Amino acid sequence: MKRRDWLRNAITAPVGAAAVAAAGAAQQQQAAAQTPPPTNSDTPKLALTNVDAIGAPNSERFFAPGEFQALEALAKTLLPAYNGRPGAVEAGVPEFLDFLLSQSPAERQELYHDGLRALSAAGFATMDAVGQKKILAPLEQPWTYAAPKDPLAQFLRVAKDDIIQATFNSREWAASSKTRTSGGTSYYYFTIE
Amino acid sequence: MKTDYEVLIVGSGAAGGMAAYTLTKLGVKCLMLDAGPMIDFDRHRVLKPVYDLPYRGFGRPGRFPHVTQASEFDANVWLDEKQNPYTYAPDEPYYWVRIRSLGGKTTRWGRASWRLSDYEFKCKDHDGFGENWPVSYKDLAPFYDRVEPIFRVSGRKEGFAQIPDGIFLADESTDSTSVQRFLAACKSQNVPTTKQRRSTGTLASSVNLLLPDALATGNLTIVPNAIVSEILPDRKTGQASKVRFIDRISKREYEIPAGRAVVIGASALESVRLLLNSGEMGNSSGTLGRYLFDQFYVKNVVTAVVPEAKGGRAPRGMIGGGGYIPRFRNLAKNEKRKFIRGYAYDFGSGGTPAARLIPKYGEPLLNELNELSGTAFSMTTMGEVLPRHESHCVINKDVRDAWGVPALNISHVYTDNEFEMAKDSMEVADALCRGAGFEVLSKHWEMVPPGESIHELGGCRMGTDPKKSVLNSFNQLHDVKNVYVTDGSSFVSGGAQNPTLTILALSMRAAENIAERMKRKEI
């Protein structure tokens, strides 16, 4: 495997930390054998791996178990795995939204809490497709700029947007794409003092 | 102060940058103070995929309640709202979008470069509302002629009176067939169209087109991270004699001589804030901070799809490109509508409609997104907002920024004239898209909140009457002859055209006036 390919895999594939470490050690030995040793004047340019690529964060859930279960079911229903592309669950969207909502403004947190509690109370996670379709009926209404008045419909509209964006912007979605820029690549600006 | 200078310039964007460019070439020594740092485009940014960002592109929640333009990629470029607070009444949200770095907002602007016309400069003569500018198109045309080549504006000459032609890099690009269909629909409904007029290049900013030339004269000194908090008048003459600023990093306060003249180009609201914080300098008319306005936007007023392009069946050359519809309402004096003035549109072909517009979920949604991939045609309205006395800003003495400078309270709402205009724009856009044979997915007339278009204007308007205006016809304070304000705050009205080209032209004209008056020892 070429170094470039290995690096790409190391950065993009959501593999376990141990596997990364083992492969990395072997690769470093190989690279060390091929390249001259650095001098103490070289400016280092090290290949780094993003934290999300090595495993899931070990944190407490923001949503209560029933809420999280409803969120998982909603994510799976709104954006299932399809045609070789990962769905929202495969893209880790419920866990990501749990994290995102833990830091969100109170109003947004309330919208999610209320919406997920309503879904949980209705048994959304365990009901059949017919029952789910009935609950998700607002998402099959033509879109209007004004938000719907019904709180559950409001939540469903917001959750649909969030679940889609979180999936399409995920590492898993990009890895399943034929183009390297899937999900979007742009200039990131560092903090400027 | 160790540096010798004659003119002190506050701000380095379109207004400040052009003042420096013009004055230094005329041999005038200038000191430029900018509140922000210099962005080093090599050191301060790096290409990243969105999945490598901690929030997957959502950005840190709650960081920018008012800056909808900020993405997780460029969040560090926009002004921190917590360090730089401002206030408004709970039912009058105002989205003040700010950047503090060398070049100001010209490092991020959309580069649309339109001239104003006498429909704006002599607006009162046309429909009786508001005030005329103290200048006409004829006065500003020679300066537009000189600004456009600097910014290498591309466009197509059309002979439209409402958007006068300029010195363009000729845009000879061919239109896609979907755009051709749309243009034909516009023509059949007597709606004018043209190519976009844009400053070209990858940056087209004050930092690469104005400041390097000014520095090359040897007459410019630039000091970043200098937050100007107050201009101090001479007690005897009333003229500006000193400028107080705070170092952004250390928060140390400095006081330096004003030089022979001060040019303020800190952006419309910041310039007004500075004058208000300077003992309401130049406010004998009582209009300082009054007659604020901007341009309202209805983003994606219509989103449509080109049906023949569905399912990836678009032949080569069908999709892509776009253009501009200039104001076409109320050009005739006797036109009877529910609103005065008018609006313009940007339109474009390409992309995929947002998933939220498709009333489906699950596999049907994914299939529909595939079916509609690359088929979208969208339009955005940009409408004229009337400058009203009641739209204003004042200093809120209870709120200060992180450097102790009193903050602004902004009061700006849209009224029936803007609402009626927005509704009309939705109906026309819908008719034009249907006329082109497109399928309309959504239409609405919900305007973004005041300020969000980032075209805040007025508050320090020009005029011939010192009792009704703050500045004279050369952007000079009526009350304080050695202070000029050359940014968007000086606008009397704004039309629907993006304002930057006019700010550049006004600033160039004002700078030449300063140099002439200095030569004549009038300031």
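Reply: The turns that follow set each value beside its definition.

This is a predicted model, in which local features need pLDDT of at least 70 and side-chain atom pairs count only at pLDDT 80 or more, while totals for chains, interfaces and linings use all residues. Residues are numbered from 1 along each chain as its sequence is written, and chains are lettered from A and ligands numbered from 1 in the order in which they are written.

Me: Why are H5(A) and H7(A) called roughly perpendicular to each other?

Reply: Helix H5 (residues 106-121) and helix H7 (residues 151-168) of chain A pack at an angle of about 110°, with their axes 9 Å apart. Axes are lines fitted to C-alpha atoms, for helices over the stretch in contact, and angles run from 0 to 180 degrees between N-to-C directions. Angles under 35 degrees count as roughly parallel, over 145 as roughly antiparallel, 65 to 115 as roughly perpendicular and the rest as oblique. H5(A) and H7(A) are therefore roughly perpendicular.

Me: What makes up the contact of H5(A) with H7(A), by residue class?

Reply: Two residues are in contact if their C-beta atoms, placed from the backbone, lie within 7 Å. Among the residues making this contact are A:Leu111 and A:Asp114 of H5(A), and A:Phe155 and A:Val158 of H7(A). The residues divide into nine nonpolar, two polar and one charged, where Ala, Val, Leu, Ile, Met, Phe, Trp, Tyr, Cys and Pro count as nonpolar, Asp, Glu, Lys and Arg as charged, and the others, Gly among them, as polar.

Me: How do you know that E1 of chain A and E3(B) pair?

Reply: Helices (H or I, at least four residues) and strands (E, at least two) are DSSP runs, numbered from the N terminus, and two strands pair if DSSP finds at least two bridges between them. Five bridges join strand E1 (residues 185-189) of chain A to E3(B), and the two run antiparallel. By that definition they therefore pair. A:Thr185 stands opposite B:Pro49 in E3(B).

Me: What does each chain bring to the contact between chains A and B?

Reply: Chain B gives 35 residues and chain A gives 37 residues. On the side of chain B that touches chain A, the largest share, five residues, comes from E3(B), and this side divides into 18 nonpolar, seven polar and 10 charged residues.

Me: What makes E8 and E9 of chain B a pair?

Reply: Strand E8 (residues 226-233) and strand E9 (residues 240-247) of chain B pair in the antiparallel sense over seven bridges. B:Val228 has B:Phe245 in E9(B) as its bridge partner. E8(B) and E9(B) form a hairpin with six residues between them, and B:Gly238 in the turn has a positive phi of about 80°.
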